[in-house]
Amino acid sequence: MSEGSETKVKLRREVTVWGSFCWGYADVGADVYAALGLVMAAAQGVTPLAFAIAGIVYIFVGLAYTEMAAAYPVAGGGHYFTLRGLGDFWGLVAGAALMLDYTVDVALFAIASAGYINFFFPVAREFSVNIGPFQHVNLIWLGESVVLIVFLAILNIKGVRESSLFNEVLGALDMLMEASIIVLGFAFAWRPELFLHQWHHEFPTTKQLLYGVSIAVISYVGLESVSQAAQETIRPAAVIPRTSLALIVVVLMFALAFPTVSLGIVPWQELAAREGDPVAVLASKLPFVGFLAGPSAAILAATIVLISANAGVMGSSRLAYSMAELGLISDWLSHVHPKFRTPVRSIVFFSLAAVVEVVFAFLSGRKALETMANMYAFGAMVAYFLSTSALIALRLKEPHTPRPYKVPLNIRVGEREIPVPGILGVIGTFGMVLIVLWTHEIARITGPLWVAAWIAYYVWYRRKTGKPVLKSLSRSWDEEQLSILADTGEWELYERFRIELERRKRLKANETKEA
């Protein structure tokens, strides 16, 4: 492309069915590696209950995302759905919450990856120094985390094909390892009497349980990654429903199995004390193979949580690309590199934000992972609340849009259908937002401040560029939908939608004549 050419460089379609599944699994399935120890510390003997409550909300959110990502397969995910359903301002709020979520995702899982690496280096895990007012700062762990973030930024600049292949190989190995730990644990080490004893006698307070539920949410955050990669997915209308529904089932099974098998093998205190590498500790307790399973789990966990961080880099950059394309933020972040076909500026920008968050986590005076988990839950739940609200709004505003997958259990009102799981998702996610604000001391301050900062920038940017602040830009969503379907190669859906638009146009013309 010549210098000064007006042609817009677009993202390339390279992500296959397996690649799409692994993008989601990298961001969702690996989360239990970081969440298990943190949730154990809060929910104690009823940790499976905390994961189950969070899992119910996850199912409703997952179904909503499956429908919308298949119907609107563009980069942006929840922010795009919210903007299209609720308007520009709420799209900006959802985007800001997701930006927080993605950058924290990168920071949290880079820290977790380094934590599992340090399974082999107890000295590095226990190292700490005092830096002025900051006490017990682990500079080695902090440095490792920063190096991993830089590596992921370079990987994502290189291209989505390379980044997706990285996810696919490690995703397959991880599922095999997780299944092996669970099967071997239940078959040879699980003691029902220990599980029941902890369930009955190690019960937390109500606030601790709710805090545990809000942390358990991070084990399910990540379906957003599937929709973020939709604009780079081949035949997304067919691929995304299969990917998302499979993820809902697989992730829910693993998330419930891990705490259940853990409480039948070791006291909850043992895993709570090792929030950096709980799954490796659990694997090392397996009979016969523990001496090998522990180190193997640590190695694989270090890599799988790293690809979860990788999904965060990918998600944040594609989110910024979408927000710039829709006029919410500056076009500067939407620049796509002419050679690598990736949004290089946004990758660098949000990777630097993740580095800042890592430093903040280690200087916060708390456990670094817990600090990041606090912020992670806030961003995810705010975005999911707005996204599930958008599902209902889009059903009302655009009943004629082709939906390759529809959320089940609908109430029909005229030609429109109201999804019952969508309503339950709105209620569940709003409840989770309230729980996070009540139980998370850090998130209740940093989360709203982050969103407020982006709102202030949005107001400044829209005024500077002459765009309305409180109103949405004028857009032809029907024309955009036709363009989306053509770009994705979904010609059957394209033709069906075009015919429906013509029918509605004729119907409107007849009504005008009669009037």
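I began with Ile111 and listed its contacts (heavy atoms within 4.5 Å), leaving aside neighbours within four places in sequence: Trp141, Ser145, Val358, Ala361, Phe362, Ala368, Leu369 and Met372.

I note that this is a predicted model, in which local features need pLDDT of at least 70 and side-chain atom pairs count only at pLDDT 80 or more, while totals for chains, interfaces and linings use all residues. Residues are numbered from 1 along each chain as its sequence is written, and side-chain values use heavy atoms, with hydrogens and water left out.

**Cores**

I next looked up nonpolar cores, each a set of buried Ala, Val, Leu, Ile, Met, Phe, Trp, Tyr and Cys residues joined through side-chain atoms within 4.5 Å. Buried here means under 20% relative accessible area, exposed over 50%, and partly exposed in between, with a 1.4 Å probe and protein chains only. The largest core holds 157 residues, and Ile111 and Ile329 touch the most other members. Helix H5 supplies the largest share of this core, 19 residues. I also found a second, separate core of six residues, including Ala237, Leu485, Leu493 and Leu501.

I took helices as DSSP runs (H or I, at least four residues), numbered from the N terminus. Helix H7 covers residues 139–158, 20 residues in total, and reaches 29 Å from its first C-alpha to its last. I compared this with the expected span, 1.5 Å times one less than the number of residues; the 29 Å is close to the 28 Å expected.

In helix H10 (residues 206–216) I recorded Leu209, Tyr211, Gly212, Val213, Ser214, Ile215 and Ala216 as buried. Their cover includes helices H2 (31–43), H3 (47–71), H17 and H18 (420–439).

**Aromatic pairs**

I counted a pair where ring centres of Phe, Tyr and Trp (its six-membered ring) lie within 6.5 Å; planes under 30 degrees apart are stacked, over 60 edge-to-face and the rest tilted. The whole structure gave 22 aromatic pairs. Phe109 and Tyr376 are edge-to-face, at 6.0 Å centre to centre and 80 degrees between the planes. This pair links H5 (residues 88–117) with H17 (residues 368–397), its members 267 residues apart. Both Phe109 and Tyr376 are buried. Phe119 and Phe120 are edge-to-face because their planes stand at 90 degrees, with centres 5.4 Å apart. Phe119 is buried at 18% relative accessible area, whereas Phe120 is partly exposed at 37%.

Conventions
Helix = DSSP H or I, 4+ residues; strand = E, 2+ residues; numbered from the N terminus.
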